[in-house]
Every structure is written in C-alpha cells, then in structure tokens.
Amino acid sequence: MLVLITYDVNTETALGKKRLRKVAKLCVNYGQRVQNSVFECVLDAAKCREVKHKLEQIIDKDKDSLRFYYLGNNYKNKVDHIGAKQSFDVEGTLIV
C-alpha cells in the first residue's frame, strides 16, 4: 500500500535539528522524498508498523508531529501531480 509520511520537527534548538536529520534519514530508507517533509512509501503492514514505531522513538511528541496517510493499493488514481519534480512510479523498474 502507498503511505504518505509527513512530518514537522521543531528546529529551534540543536536537538530539534538533530531530530529532523534522524527523521529524514529514516524515511529515506523506506520511501522516496517528494517534498521537503513528505515521503511516498510503498509498504506492507509490517513495514508500516516498523517505520511508525521507529519514528515515534525519534520525535519529541510535545514539539514535533508525524502524519501517516494510507492511500492503499489502488493509489495510482488518488495521486495527481502538477509542476516541477516530475513523479515516478515507485513500484517501477529501477536502473542502476
């Protein structure tokens, strides 16, 4: 299923900036960054629980926020992109 992970981390302190880097680095391991604080991730239920748990361990729940949008398996009709940074098929073939 396609899951959008979005976050807002308070970076007013050095610890906040460190949390932001950790959140972004973790999200890169699970999906593709599509905007500064937005990742598209194709995950099964177990991976989704895993990333959610790991992110909850990083953030400060009093200062930061996470949002998970579950778009399901038929997400291709639910995502419409306009503008720069053309989208790509996250389940398509990768050329290395």
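The chain contains two helices and four strands, where helices (H or I, at least four residues) and strands (E, at least two) are DSSP runs numbered from the N terminus. Along the sequence these elements follow the pattern β-α-β-β-α-β. The model is predicted, so that local features need pLDDT of at least 70 and side-chain atom pairs count only at pLDDT 80 or more, whereas totals for chains, interfaces and linings use all residues. Residues are numbered from 1 along each chain as its sequence is written, and side-chain values use heavy atoms, with hydrogens and water left out.

Of the 96 residues in the chain, 30% are buried; buried denotes under 20% relative accessible area, exposed over 50%, and partly exposed the range in between (1.4 Å probe, protein chains only). Among the contacts in the chain with a separation of 6 or more, 63% involve residues 24 or more positions apart, a contact being defined by heavy atoms within 4.5 Å.

The four strands form an open sheet in the order β2-β3-β1-β4, with antiparallel pairing; two strands are taken to pair if DSSP finds at least two bridges between them. The edge strands, β2 (32-35) and β4 (65-72), each pair on one side only. Neighbouring strands of the sheet are turned against each other by 25 degrees on average, direction ignored. Strand β3 (residues 38-42) pairs with β2 in the antiparallel sense over three bridges. Within this pairing, R33 has F39 of β3 as its bridge partner, and Q35 has V38 of β3. The two strands form a hairpin, with two residues between them.

Both helices lie across strands of the sheet. Helix α1 (residues 14-28) lies across β1 (2-8), β2 and β3 and runs at about 170 degrees to β1. Helix α2 (residues 45-58) lies across β1 and β4, and its direction is at about 170 degrees to that of β4. These angles run from 0 to 180 degrees between N-to-C directions, the axes being lines fitted to C-alpha atoms, for helices over the stretch in contact.

With 15 residues, α1 reaches 21 Å from its first C-alpha to its last, close to the 21 Å expected at 1.5 Å a residue; the expected span is 1.5 Å times one less than the number of residues. Its buried residues are G16, R19, V23, A24, L26 and C27. They cover an arc of only 165 degrees around the axis and therefore lie on the same side of α1, the arc being that of the directions from the helix axis to the C-beta atoms. The cover over these residues includes β1, β2, β3 and α2. Exposed residues A14, R21 and K25 are carried on the face of α1 turned away from its buried side.

Residue A24, situated in α1, has a relative accessible area of 14% and is therefore buried. Leaving aside neighbours within four places in sequence, A24 is in contact with Y7, R33 and F39. A24 and S37 are 13 residues apart in sequence, and their C-alpha atoms are 7.6 Å apart in space.

The 14 residues of α2 should span 20 Å at 1.5 Å a residue, which agrees with the 20 Å between its end C-alpha atoms. In this helix, C48, V51, L55 and I58 are buried. These residues are on the same side of α2, because they cover an arc of only 90 degrees around the axis. The elements covering them include β1, α1 and β4, while R49 and Q57 are exposed on the other side of the helix.

In soluble globular proteins, nonpolar side chains tend to be buried together. The largest nonpolar core here has 19 residues, and those with the most contacts inside it are I5, Y7, V23, C27, L43, V51 and L55; such a core is a set of buried Ala, Val, Leu, Ile, Met, Phe, Trp, Tyr and Cys residues joined through side-chain atoms within 4.5 Å. Two or more residues are given to this core by each of β1, α1, β3, α2 and β4. Apart from it lies another core of five residues, among them L2, L4, V38 and Y75. Not counting residues up to four places away in sequence, V23 touches Y7, V9, L55, I58 and I59.

The loop between α2 and β4 contains D62. This residue counts as exposed because its relative accessibility is 78%. D62 and N10 are 52 residues apart along the chain, with their C-alpha atoms separated by 9.7 Å.
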